[in-house]
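I opened this one to look at the overall build and the packing. My notes are below.

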Amino acid sequence: MSDAPTLLVMKFGGTNMGDSRAIRHSASLAGRSVREGVRVVVVVSAMAGVTNQLLQLADAAQTGDIATANDEIAAMRTRHFTAAQELGAAPDSDTVREIREMHETLRQAVYGVYLLRELTPRSRDLIVAFGERLSAPLMTLALEQSGVRAHHVTGGEAGIVTDTHFGNARPLPTAYARIKDRLSGLLNAGVTPVVAGFMGETEQGALTTLGRGGTDFSATIIGKALGATEVWAWKDVDGVMSADPRVVKDARNIEVLSYGEVMELAYFGAKVLHPLAVTPLQESGIPLRVKSAADPDFPGTLVQADPHDDARHPVKAVTAIRNVSIINVTGAGVLGVPEVVASLFTAIARENITLLMVSQSSSMSNVSLAVQSLYAERTVSALRAAVSGELKVEEQPGVAVLAIVGSGMRGQKGVAAKLFGALANDEVNILMISQGSSELNISVAVEDAQVEHATRAVHGAFALQEVAGSV
């Protein structure tokens with residue numbers, strides 16, 4: 001890649017697209033690289049809060065409250081028009097016309113849900129993707145106003161072709177060649193593509209979304225397709241932190257993480273990246289950098305293949321998922337019957353529920369499954385339908401999953417002892433324990449009410465405030 005011109009894929013999250021001022025600043029960050037001779041692809045999220053707004057108005061339409069849905073659409077229209085005007089769009093401009101037309105299409109889609117009183121995963125995807133589709137023209141306008149030639153496209157128009165798993169779609173192998181074909185033409189013409197993130201389309205042209213936080217995923221899919229030098233995820237934080245800074249005041253930025261470590265952190269509640277964001281980059285070894293829009297010269301966190309382990313500090317971060325329930329399946333009927341356990345996992349898979357932790361007693365008379373509380377009722381119903389009446393299926397709510405992450409734990413003695421010692425000293429009761437064979441993480445379930453002081457205790461025990469910033 002040494003002779004090739006530098007190519008960066010830059011992703012801007014919701015807070016960096018929050019209003020005209022934030023969008024103008026984000027455009028200036030992309031424009032700075034363009035003026036330095038770097039080719040840039042910009043991938044944008046919806047304006048802050050818009051995705052939740054769209055989900056709420058879709059739900060309102062489904063329940064028959066079309067008045068609330070229409071009020072939300074009107075408020076959203078005003079917000080986007082105001083941003084366009086403040087970014088310099090004339091009332092009769094293409095940008096304003098496009099935003100007006102998109103809001104009208106949104107209104108029609110929502111009215112269809114209201115008439116049918118049915119919100120399918122497919123129609124939910126169509127509605128929720130309007131957030132990114134509306135922010136892309138605003139970023140294009142801001143770039144053009146700063147002297148950078150730009151053109152915006154949806155994820156599908158950019159070539160992101162996906163399976164038909166609406167709400168949680170995955171790119172098909174054919175997507176990468178299609179993206180390269182569609183975006184290279186713009187780049188070669190000196191135009192900066194602005195891609196609406198979070199979405200793709202099926203081979204039949206139906207719009208799909210990649211799951212919450214999916215704009216990160218869009219950016220890395222595009223990064224792989226174009227053989228980018230790096231993918232930059234611009235955030236409102238310095239990088240990936242050793243803990244949630246709202247919980248641990250002395251949390252530090254981590255300079256280097258491996259792909260595996262950042263996936264574990266994302267999976268166990270760190271909201272910095274989509275859990276699957278790094279998967280497209282692993283094969284080609286393209287680095288991802290998490291950078292602060294407020295301090296663009298700060299290097300942030302570099303995510304790469306090599307974890308840069310330090311034997312003295314095997315743990316790099318502690319993170320937690322809240323609002324978790326443990327589902328306990330107990331009874332003599334579980335004892336030594338492999339097909340019972342198989343039926344449990346089949347039932348979970350059929351409901352498309354993600355398991356956060358799994359634990360089985362050595363006597364095999366108990367299986368415990370940790371799921372997000374949002375899915376607990378569905379999980380219990382599915383399991384009760386799958387097992388015989390002699391087995392008891394019960395929910396234990398009010399749980400959190402705390403995890404320590406670091407590839408340096410592999411083969412390192414005493415890490416688990418230090419974790420359990422820190423929790424015991426802080427009088428935290430452990431409900432469940434899990435460690436993967438990869439030894440990238442150790443996770444424990446604790447009472448939700450105890451998770452914040454448990455996080456602080458563990459962060460202090462591993463001295464992450466001293467070491468997380470350097471490797």
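**Whole chain.** I am working with a predicted model. I counted elements first: the chain has 15 helices and 16 strands. Next I checked the dimensions. The C-alpha trace spans about 70 × 55 × 40 Å along its principal axes. I then looked up burial, and 54% of the 471 residues are buried. The accessible surface comes to about 20,000 Å², and carbon and sulfur atoms account for 50% of it. For contacts between residues at least 6 apart in sequence, I found that 76% join residues at least 24 apart.

**Cores.** The largest nonpolar core holds 58 residues. Among those with the most contacts inside it are F12, V42, L54 and V110. I followed F12. Leaving out residues up to four places away in sequence, F12 touches M17, S26, L29, A30, V42, V43, V44, S45, M139 and W234. A second, separate core has 44 residues, including L257, V278, L281 and A317.

**Helix 12.** I turned to residues 376–386. Which residues of helix 12 are buried? I noted A376, T379, V380, A382 and L383. Down the helix axis, these buried residues fall within an arc of 165 degrees, so they line one face of helix 12. The face turned away carries the exposed residues E377, R384 and A385. I also looked up the cover over the buried residues of helix 12: it includes strand 11 (317–330), helix 11 (338–350), strand 13 (366–372) and strand 14 (392–405).

Definitions and conventions
Residues numbered from 1 in each chain as written. Predicted model: local features only at pLDDT ≥ 70, side-chain atom pairs only at ≥ 80, totals over all residues. Heavy atoms only, no water. Core = buried A, V, L, I, M, F, W, Y, C linked by side-chain atoms within 4.5 Å. Buried < 20%, exposed > 50% of the residue type's maximum accessible area, 1.4 Å probe, protein only. Contact = heavy atoms within 4.5 Å. Helix = DSSP H or I, 4+ residues; strand = E, 2+ residues; numbered from the N terminus. Arc of directions from axis to C-beta. Areas by Shrake-Rupley, 256 points an atom, 1.4 Å probe, with all protein chains shown as cover.
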